[in-house]
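I opened the notebook to record what I looked up here. The entries follow the order in which I checked things.

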Amino acid sequence: MLVWSRPGRMLIWTVFALLFGVLFLAPLAVILLSSLADQWNGVLPSGLTVEHYSDVMQGAAWKAMQASLITGCLASALALVSGTWAALALRVQDATLARVLGLLFFIPSAVPSVSVGLGLLVAFSHPPLLLNGTIAIVMIAHFVLISAFTFGNVSAGLARLSPDFEQVASSLGARPAYRLWHVTLPLLTPYLVAAFGLSFALSMGELGATVMVYPPGWVTLPVSIFSLTDRGDVFAGAALTMVLVAVTLLLLLGLERLTGRQTR
Amino acid sequence: MADAAILPAQITRKVPGRLWIVPPAALLALLFFYPLVLIVQQAFTDDSGMANVAEFVRVLHARFFLNALINTITISVAATAGCLIVGLVLGLILAFVPFPGSGVIARLIDTFIALPTFLVTLAFTFLYGSAGMLNAGLMEVFSLQAPPVNFLYSTWGVVLAEVTVYSPFVLRPLLAAFSLVDRGQIEAASVLGARPFRIVRQVILPAAVPALIAGGSLCLLLTVNEFGIVLFIGAKGVITLPLLIYSKAIQESAYQVACIIAVINIALSLGLFGLYRFAAGRLGA
């Protein structure tokens with residue numbers, strides 16, 4: 001405790017409440033409110049309605065939800081496999097090579113997502129790998145952008161793992177594949193689940209690369225929120241944003257439950 | 001000492017799996033580095049496939065590029081400064097003047113990292129837009145004819161949105177650093193009559209500097225690359241490098257120009273990434 005006087009503390013907490021309220025609470029509250037607003041011409045909406053939600057839940061928006069969920073699932077799963085694979089394989093390299101390769105696996109997170117999209121367009125717009133205009137290119141964009149985060153999470157998890165269990169297993173005669181499957185991966189599970197959750201959340205909100213490469217039939221949630229608000233349909237955009245936030249938060253909470261149970 | 005003899009060296013030497021790194025590395029090379037190389041190549045060749053540096057130089061001197069570069073740098077420096085201030089103030093209060101529920105609030109701010117960045121911009125149009133709550137309220141109270149608050153569609157609107165979105169990235173390492181500060185030292189200073197401001201300056205801030213540098217350089221990197229917020233603000237005067245790449249490639253189909261700008265944007269980002277890694281390394285991460 002830094003400030004002892006009661007008025008001093010009250011003053012500081014007021015500052016905190018103001019900052020937190022204006023920067024974090026107000027945006028979320030106002031998105032929620034506008035997604036329920038009937039008409040909004042004054043300070044507050046004139047009435048509340050769930051019409052925007054029922055509008056977005058039909059047709060195009062529902063398809064966008066499916067596109068986002070499928071993209072998020074597949075890209076995160078692939079990123080989880082390749083990130084875990086890379087992190088495990090890096091352990092047996094010598095130190096310098098491991099450091100260089102580790103850095104290379106991190107670099108996709110540092111490159112602007114629009115440029116990742118541009119690169120995919122340039123690279124895969126002609127044979128032998130013609131992917132432009134397919135769903136696959138959206139998945140690849142998401143995979144590239146989130147792979148660095150899964151790799152980072154799993155590597156951090158591996159670094160925290162005590163080597164004792166693996167050594168004991170090894171000295172008891174467990175072969176590498178058995179050791180990986182029955183010792184290392186189970187110990188890593190909380191980190192794997194956390195990595196998957198973070199990747200999924202990132203993929204759900206990804207806009208920059210997706211807007212560069214998406215084919216007409218595969219419009220993700222962020223892209224369709226942008227086109228709704230760009231057309232002036234801000235209330236529907238807000239409703240769809242609430243859906244995106246709710247799905248992301250539910251997913252993160254669920255995964256947290258899962259890991260919580262596993263570490264206990 | 002006896003333990004050291006049977007330590008991991010054996011595991012690493014016995015595993016023959018050096019080549020296991022090839023599949024994920026090949027995937028990364030094909031899907032990320034190969035497109036990256038093609039961007040660079042396309043930036044320096046014209047449509048007929050001949051080497052052409054003139055176009056690169058022309059874009060470098062073009063007004064639209066220079067404006068976007070200045071905008072990008074102004075916005076990211078201002079937003080990072082804002083993130084550092086907001087992160088520091090919130091962090092100091094959460095760590096040293098905690099209130100009931102401050103732990104929950106810290107977690108809540110943390111989850112902002114997982115939410116899409118454009119959410120904040122969309123919310124800001126309802127709050128501060130020309131027909132937003134603030135303007136409607138002010139017009140009603142002072143019976144004004146025109147909306148008085150106009151900052152949203154300017155550079156400052158983008159900066160404020162980015163401060164909201166990215167200050168958790170400063171707050172997180174800062175709270176970690178604060179949890180290591182010796183409370184006894186603060187209490188001792190406090191008992192000896194040091195005022196809170198002085199304790200912050202002389203005891204707490206020195207411990208927080210590495211976290212501030214790491215968080216700040218991460219913010220610089222992320223704000224230079226930010227796309228969603230600028231796209232959603234949709235203001236004509238606020239064009240940053242990522243937005244310029246998008247509009248050149250998708251709206252004008254000028255791929256070479258887009259690639260040239262991308263090369264510069266990527267170079268800028270990689271420089272900042274290096275700075276961040278260096279800072280995070282010094283932090284002991």
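Which side chain meets that of A:Asp94 in a salt bridge? I looked it up and found B:Arg18, with an N to O distance of 3.7 Å. I note that this is a predicted model.

Entry on the interface. I checked how chain B and chain A meet. I found 87 residues of chain B in contact with 81 residues of chain A. The two chains bury about 7400 Å² between them, and 82% of that lies on carbon and sulfur atoms. I counted one salt bridge across this interface.

Entry on salt bridges. Over all chains, I get a count of four. One of the pairs I looked up is B:Arg58 with B:Glu55, whose side chains meet at 3.1 Å, N to O. These two residues are three apart in helix α4 (residues 54-61) of chain B, so about one helical turn separates them.

Entry on two helices. I then turned to α10 (residues 183-191) and α11 (residues 196-225), both of chain B. Their axes come within 11 Å and cross at roughly 150°. An angle over 145 degrees counts as roughly antiparallel, so I write down α10(B) as roughly antiparallel to α11(B). I recorded the crossing of α10(B) past α11(B) as right-handed. On the α10(B) side I listed B:Gln185, B:Ile186, B:Ala189 and B:Ser190 as making the contact, and on the α11(B) side B:Ile199, B:Val203 and B:Ile204. Sorted by class, this contact has five nonpolar residues, two polar ones and no charged ones.

How values were computed: Residues are numbered from 1 along each chain as its sequence is written. Chains are lettered from A and ligands numbered from 1 in the order in which they are written. This is a predicted model: local features need pLDDT of at least 70, side-chain atom pairs count only at pLDDT 80 or more; totals for chains, interfaces and linings use all residues. Side-chain values use heavy atoms; hydrogens and water are left out. Axes are lines fitted to C-alpha atoms, for helices over the stretch in contact, and angles run from 0 to 180 degrees between N-to-C directions. Helices (H or I, at least four residues) and strands (E, at least two) are DSSP runs, numbered from the N terminus. Angles under 35 degrees count as roughly parallel, over 145 as roughly antiparallel, 65 to 115 as roughly perpendicular and the rest as oblique. A crossing is left-handed if the near helix is turned anticlockwise from the far one by less than a right angle, and right-handed if clockwise. Contact means heavy atoms within 4.5 Å. Ala, Val, Leu, Ile, Met, Phe, Trp, Tyr, Cys and Pro count as nonpolar, Asp, Glu, Lys and Arg as charged, and the others, Gly among them, as polar. Buried area is the accessible area (1.4 Å probe) that two parts lose on being put together, summed over both.
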